[in-house]
Amino acid sequence: MSEPERVDQESKTDGGPLLDIRDLTVQFDTDEGPVLAVNRLSLRLDAGQVLALVGESGCGKTVTALSLLRLAPPNARVTGQVVFAGRDLLTVRQRDLRSVRGRDISMVFQEPMSSLNPVFTVGRQITEVLRRHQKLSGRAARARAVELLDLVRIPTPSRRVDEYPHQMSGGMRQRVMIAMAVACSPRLVIADEPTTALDVTIQAQALDILRDLRERFGTAILLITHNLGVVADLADRVAVMYAGHKVEEAPVDRLFATPQHPYTIGLLGAVPRPELHRGDDRRLAEIPGLVPVLRGAPTGCVFAPRCDRGTDECQATAPALTQVLPDQQVACFHPGAREPQEVPA
C-alpha cells in the first residue's frame, strides 16, 4: 500500500472502530472430523484502546489472533469479516496483506524461541522489518535496531544486536519480539501472552513499553493473556472467551466489579489472594468438569455441563449475547454476580 493509500485508509476509520471483527468463525478439518475453534466471534477495537481477550487454554484466543492476519494453519477454514481501517483483511490480496503485516498491524507471538529464526541474528530480524516497510538503508536500519533493543531495556544493545536467539534468555527473546512489533509504530499490536516467561520486574517493563506505545502513537492493543492482574493494569475492555465463544464483554472495572457470566465469576474466583486468605487452609475455587470437545456446533450453552446454574433451557438452547448492564454483554440465561469481586493485583 502506498503512503497516500495508507492516509486514505486512516481517514476511513474516523468515527468508527479501527478493527471490526464480525462473526469470525474458524474451523479446522481433521482426520477425526471438523473442529470448531472459534464460533461467530464479534469484537470492536478503537484507535488507542486496549482490549483484553481472556479465557483458559484452548478457548480460541490465539487462533483468533492468527486468523486476523491470515496466519492460521492450512487446514483452517476462516469465515466472517475482519475489517481493519475500512478493508476486510480476509479478502484482500496477499500482496496488500503483506504491506499491512509488520507496519500497520504487528504481533508479539506467544513463544519467542519458535517465532525467531535461529539462523539469523536478532539485529538482522529487526532490520528486515525496517528495511521492508520504512525503506531504511542497512546502516540506518542497524542503528534503529540498536535503539529498539535499548527501548525494550536489553543491556548493551550494540553488542546484543549481533547475537542469535539461542544466546539470549527467554525474557530477552520476548523483549526482542516486542522490539520487532513496535519497530514501525503500528496502529494495532496483537500481543499474545507478551509477559510469558518474564519475571515480575521485566513483566512490568514490557507492559510499560506497550503503554508508552499507546500513549505516544495512539496504538491500539489486542491483549491475549491468562493474567488477570495484567488485564486490570493495562486493558480498557475485556472479552471473555470459552470454547470458541465470547461469553461476556465489558469495561475492565465493571467486569471485575460485577461479573455476570458463571464462567467469568469462576475465573475471578480462581485467582490466588494470599492477602485475603493468609493463614487460611481453604482450597482455591475451581471450575468443575472439563472443557468440551469442539467437534460440531453445540446445541445449547457451551458452559452448561460445568455450570451450577444450568437448567434444561441451557442444555437445549444457546443463549445470545444480551446487554444486562450498561455497556456489558453476557451470553447467559441466568446472569448475575453473587457477590462483589475485587480486582486482582
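Tutor: A polar contact is a pair of N or O atoms within 3.5 Å; within protein, one atom must be able to donate a hydrogen and the other to accept it, and residues adjacent in sequence count only if both atoms are side-chain atoms. This is a predicted model, in which local features need pLDDT of at least 70 and side-chain atom pairs count only at pLDDT 80 or more, while totals for chains, interfaces and linings use all residues. Residues are numbered from 1 along each chain as its sequence is written, and side-chain values use heavy atoms, with hydrogens and water left out.

Student: Which residue has its backbone oxygen 2.8 Å from a polar atom of the side chain of K61?

Tutor: K61 sits in helix α2, residues 61–68; helices (H or I, at least four residues) and strands (E, at least two) are DSSP runs, numbered from the N terminus. Leaving aside residues up to four places away in sequence, K61 touches L53, V54, G55, E56, I224, T225, H226 and M241, a contact being heavy atoms within 4.5 Å. The backbone oxygen that lies 2.8 Å from a polar atom of the K61 side chain belongs to G55.

Student: How far from K61 is the nearest side chain of opposite charge?

Tutor: Lys and Arg count as positive and Asp and Glu as negative, with His and the chain ends not counted. A salt bridge needs a side-chain nitrogen of Lys or Arg within 4 Å of a carboxyl oxygen of Asp or Glu. K61 is buried (under 20% relative accessible area; exposed is over 50% and partly exposed in between, with a 1.4 Å probe and protein chains only). K61 has no salt bridge, and the nearest side chain of opposite charge, E193, is at 5.2 Å.

Student: Why is α2 described as largely enclosed by the rest of the structure?

Tutor: The buried residues of α2 are K61, T64, A65, L66, S67 and L68. Helix α2 is largely enclosed by the rest of the structure because its buried residues number 6 of the 8.

Student: What is the phi of T156?

Tutor: T156 is in the loop between α6 (138–151) and α7 (157–160). T156 counts as partly exposed, because its relative accessibility is 41%. T156 is not a glycine, yet its phi is positive, near 45°.

Student: Which residue of β4 stands opposite I21?

Tutor: An open sheet of 4 strands has the order β2-β1-β4-β5 with antiparallel pairing, where two strands pair if DSSP finds at least two bridges between them. Strands β2 (33–45) and β5 (87–88) each have a single partner strand, so one side of each is left without a neighbour in the sheet. Strand β1 (residues 19–30) is joined to β4 by 8 bridges. Opposite I21 stands V82.

Student: At what angle to β1 does α2 run?

Tutor: Axes are lines fitted to C-alpha atoms, for helices over the stretch in contact, and angles run from 0 to 180 degrees between N-to-C directions. Helix α2 lies across β1, β2 and β4, and its angle to β1 is about 110°.

Student: What is the average twist from one strand to the next in the sheet of 8 strands?

Tutor: The 8 strands form an open sheet of mixed pairing, ordered β6-β7-β8-β3-β9-β10-β12-β11. At its edges are β6 (105–108) and β11 (322–325), each with a single partner strand, so one side of each lacks a neighbour in the sheet. From one strand to the next, the twist averages 20°.

Student: Which residue of β7 is the bridge partner of I105?

Tutor: I105 and M107 point one way from β6, S106 and V108 point the other way, and all are buried. Strands β6 and β7 run parallel and are joined by 4 bridges. The bridge partner of I105 is L188.

Student: Which residue of β12 is the bridge partner of E249?

Tutor: Strand β10 (residues 245–251) and strand β12 (residues 328–330) run antiparallel, with 2 bridges between them. E249 has as its bridge partner Q329.

Student: What angle does the direction of α9 make with that of β7?

Tutor: Helix α9 (residues 200–217) packs on the sheet and touches β3 (50–54), β7 (188–192) and β8 (220–224). The angle between the directions of α9 and β7 is about 165°.
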